[in-house]
Amino acid sequence: KQGQFGFLTTLLPVLDNLNLAIDASEKDSSLDHLRSGVKGTARSFEQALMSVGVEAIPSVGSDFNPELHEAIDMTEVDASQDGKVTAEYSRGYKFGDKLLRPAKVQVGKGRAQSASES
């Protein structure tokens, strides 16, 4: 119960930020201000998760790892980037050594060299 209580108290500022963003959008319909509020809320939510031990899984630029990444599609890349994650569609997360959700990613597939390039 104490762990749940602590986690819930880390989430309350996120709820506060959401309510502030809603209030602000009712007074000022500027998309820039709304976007800024949503970004701040996303950051505070991510910080709340990190404070209880949730870790984001590194993706773009790393080697594709089927234990951490779910390949959604592939794109042609230079041979040196073969098997590297080139885009992240949704972030993956771990809690300790347990996978909460794999990162949904795009993976590079090296171009085949033509005879003239060899």
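# Salt bridges, hairpin and sheets

Biologist: How many salt bridges does a search of the whole structure find?

Modeller: The search finds 6 salt bridges, a salt bridge being a side-chain nitrogen of Lys or Arg within 4 Å of a carboxyl oxygen of Asp or Glu. The model is predicted, so local features need pLDDT of at least 70 and side-chain atom pairs count only at pLDDT 80 or more, whereas totals for chains, interfaces and linings use all residues. Residues are numbered from 1 along each chain as its sequence is written, and side-chain values use heavy atoms, with hydrogens and water left out.

Biologist: Let us take the bridges in turn; with which residue does Asp32 form a salt bridge?

Modeller: The partner of Asp32 is Arg35, and the closest N and O atoms of this salt bridge are 2.9 Å apart. Both residues lie in helix α2, where a spacing of 3 residues separates them by about one helical turn; helices (H or I, at least four residues) and strands (E, at least two) are DSSP runs, numbered from the N terminus.

Biologist: Is Asp32 buried or exposed?

Modeller: Here the general idea is a scale of relative accessible area: buried means under 20%, exposed over 50%, and partly exposed in between (1.4 Å probe, protein chains only). Asp32, with 54%, is exposed, while Arg35, with 43% relative accessibility, counts as partly exposed.

Biologist: Which residue forms a salt bridge with Glu76?

Modeller: Glu76 forms its salt bridge with Arg111, and their closest N and O atoms are 3.1 Å apart. This pair links distant parts of the chain, since Glu76 belongs to strand β2 and Arg111 to the segment after β6, 35 residues away. Glu76 is exposed, its relative accessible area being 54%, whereas Arg111 counts as partly exposed at 39% relative accessibility.

Biologist: Turning to the strands, in which sense do β4 and β5 pair?

Modeller: Two strands pair if DSSP finds at least two bridges between them. Strand β4 (residues 93-95) and strand β5 (residues 98-101) have 3 bridges and pair in the antiparallel sense; among the facing residues, Phe95 stands opposite Lys98 in β5. The hairpin of β4 and β5 has 2 residues between the strands, and in this hairpin Gly96 takes a positive phi near 65°.

Biologist: What is the order of the strands in the open sheet with antiparallel pairing?

Modeller: That open sheet has 3 strands in the order β1-β4-β5. Its edges are β1 (54-56) and β5, each with a single partner strand, so one side of each is left without a neighbour in the sheet. Neighbouring strands of this sheet are turned by 35° against each other on average, direction ignored.

Biologist: In what order do the strands stand in the open sheet whose pairing is mixed?

Modeller: The 3 strands of that sheet stand in the order β2-β6-β3. At its edges are β2 (69-77) and β3 (85-90), and each has a single partner strand, so one side of each is left without a neighbour in the sheet. From one strand to the next, the twist averages 25°. Strand β3 runs antiparallel to strand β6 (residues 103-110), the two being joined by 4 bridges, and Ala87 stands opposite Gln106 in β6.

Technical notes: Axes are lines fitted to C-alpha atoms, for helices over the stretch in contact, and angles run from 0 to 180 degrees between N-to-C directions.
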